[in-house]
Amino acid sequence: MTMWLDTTLVSLALTSVLLLGSSRLTRCIRIVAFQGVLLGVLTVAAHAHAITARVVILAAAIFALKALAFPWLLSRVLRGADVRREIQPLISYTASMLAGTVGLAVSFWLSARMPLPTPPLSLLVVPVALFTTLAGLFLIVSRRTALMQVLAYLVLENGIYTFGVGLVEGTPMLVELGVLLDVFVAVFVMGIAIFHINREFDHIDTEQLATLRDWAP
Amino acid sequence: MSLLALLLVPTLSGIGVFFVKNDALRRLVLVLAAALHASVVAATWFFPPTPLLGGWLLLDRLGQLVLSVTSLLFLAAASYAVGYLRRERRAAHQDFEEGLLFTNAPEATFTACLLFFLAAMTLVTVSHRFGLLWVAIEATTLASAPLIYFHRHHRSLEATWKYLLICSVGIALALLGNFFLAVAASAPGGAPIPLVLDDLVRGASHLNVPWLKAAFLLFLVGYGTKMGLAPLHTWLPDAHSEAPSVVSALLSGALLNCAFLGILRVQQVCAAAGQAAFGQELFVGFGFLSMAVAAVFIAGQPDFKRLLAYSSVEHMGILALGVGLGGAASFGALLHAVNHSLTKAMLFLVAGNILAAYQSKSAADVRGVVHVLPASGVLWIAGLFAITGSPPFGLFLSEFTILKAALDQGRSGVAIGYLVLLAVIFVGMMTAMLRMTQGTPGTQRNGAPVPEPVLATLPPAALAALVLILGLYIPPAVRGAIEEAARLLE
């Protein structure tokens, strides 16, 4: 089962790199949806020694939300907005992918310096989780469309979840489902906000959200 | 049972108001739910509630303090909201800053979100399971975001978007902190310690220290974003100034405390593990930075609601500083949290009255408040002196306690820096806000008094009275509770 786990983790890291170099928003939504599928697989693979009802419910909930509900919701938002591509990102796609490779190296270096009290399921868990988290943070600050920022938030959340599923045993179901519910409502509320942004500004470029400041230029 | 009631009253009435068509009835439900919540909270002071879910939901002194302030402010805000919503019932408004027309969000949604917001904050104060605490803090963000976008124009939308995104990302980092804490608690050989506050405090000596420190950092950055500690405060002035005043009062007075409580919970674990000093140094640093940033932005700030928002950043800095110094200063910080909440909520409610009468957020446009709005004008002056820490108000006492603790510990550098920043902020606030009360009202006003409904002045007046009482005499029961809460942080 370690093979399954490692394959999923490597795919997760690769999809994050792919996302860093993608500009078409439908493609970005698909990549994040695929990450949702990977997280569902990861949940099962991490608990392969004892697959209980709890694991199955959790994996199913993750799959339903991250691979089906979110992509559907965000595609709907995208259809409403007259935009197909990310607009002139603050950091170009090539530079972003380059930064991603550096980030991957940094994640491996960092994780080697964080000795775990108990041996992890796979040595890839910490570096991949860190890398995905960093990729999410990087995308949030470097992309301009509101939709892309929500996708980046999801990637960040995926990275954190990877950390949890790979390292932490016995998180209670109530907490896990509570976290999922929060993320669901967060994406839902953000989706509504994007709908309003599009109606108000005729665009979903967050650079236009710059009226509020302390000193008028 | 009372814990369950505290959570269910706002949740169920929140769901209920969605289906109420009649505006007056819906407002009545809001006030009744707030009053019921407040009376159950009051009852917890006499009859300690039984823990629920095997100790996951538990009301200790620290939680009770924050919960009581939250519930009280909500009651004041709910009463104020009745008059506010009645005023706001027009179909479309003229935006006073840019002259655009805009509508309001449906009142049912607004009321429901207010009640869900209360439910989420209640859950924050009673959660002893770290995962549940996280869920509750994120839920406060989600319930309050639609409240900021009540006036549907592009500025409030911008504020909502920044609030949602920045706070969600910050809180996501706190989730990583949760997992780090879980790693710290999974000692080799032996069962992992469950992530319940009391278990962690009891088994603190077995925690893995480097991971615990890393977890603390993530919690501090994550919940610190929500608390508005500089340099993570960027969303706060926008959200607090663009939200309707009644929401600003809750965001500043109640929500910031809840985020602070989240950080204090981790500090409790660190202190039990013998790592209190690590967190305290960080608290002092973030505290000073927040006060300094606030001082810079308060000086010359033209918008009086943003001024109040930056003042919140300042006071969050003071809270962090107080907890960072520890000992008597922790007591001062908790007392200050209570005082600040009451005063800031009251000021935002009064700011709402001024805004309604003058239709401007610019301090330069507002003149002669004491003539046009006599009651609000007097409250504004009182609140101004209170928030800047002048005697005889409660904030003077709590700020002085922190100063004295710093001097007693021989940290004169900290004391001097603290005093200088307080003085700069005092001057900045006074020059901008005192001028609003005097002088002749501008051209659009002929200076005749505007009628002030009781619902718009009584809630802030009651809060002002409490701050004054706390400055003159702290009831022994309250003092004992705050002392007990402060001991939890040692």
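**Questions about a predicted model**

Guide: In this predicted model, Leu53(B) has a relative accessible area of 49% and is therefore partly exposed, since buried means under 20% relative accessible area, exposed over 50%, and partly exposed in between, with a 1.4 Å probe and protein chains only. Residues are numbered from 1 along each chain as its sequence is written, and chains are lettered from A and ligands numbered from 1 in the order in which they are written. Local features need pLDDT of at least 70, side-chain atom pairs count only at pLDDT 80 or more, totals for chains, interfaces and linings use all residues, and side-chain values use heavy atoms, with hydrogens and water left out.

Visitor: What makes the phi of Leu53(B) worth a remark?

Guide: Most residues other than glycine have a negative phi. Leu53(B), however, has a positive phi, near 50°, and this residue is found in the loop between helix 2 (23-44) and helix 3 (61-87) of chain B, where helices are DSSP runs of H or I with at least four residues, numbered from the N terminus.

Visitor: Which value of phi does Gln359(B) have, and why is Gln359(B) called partly exposed?

Guide: Gln359(B) has a positive phi of about 55° although it is not a glycine, and its relative accessible area is 41%, so the residue counts as partly exposed.

Visitor: Why is Asp303(B) called buried?

Guide: The relative accessible area of Asp303(B) is 13%, which is under the 20% limit, and therefore the residue is buried. Asp303(B) is found in the loop between helix 11 (276-298) and helix 12 of chain B.

Visitor: What does the side chain of Asp303(B) reach?

Guide: The side chain reaches the backbone nitrogen of Lys305(B) at 2.9 Å and that of Arg306(B) at 3.2 Å.

Visitor: Why is helix 9 of chain B described as largely enclosed?

Guide: Eight of the eight residues of helix 9 (residues 235-242) of chain B are buried, so this helix is largely enclosed by the rest of the structure. Its buried residues, among them Trp235(B) and His240(B), pack against several helices of chain B, including helix 5 (130-148) and helix 13 (328-358), where contact means heavy atoms within 4.5 Å.

Visitor: Where are cis peptide bonds found?

Guide: One joins Ala230(B) and Pro231(B), with omega about 5°, and Pro231(B) is in the loop between helix 8 and helix 9 of chain B. Another joins Pro391(B) and Pro392(B), also with omega about 5°.

Terms used:
Helices (H or I, at least four residues) and strands (E, at least two) are DSSP runs, numbered from the N terminus. A polar contact is a pair of N or O atoms within 3.5 Å; within protein, one must be able to donate a hydrogen and the other to accept it, and residues adjacent in sequence count only if both atoms are side-chain atoms.
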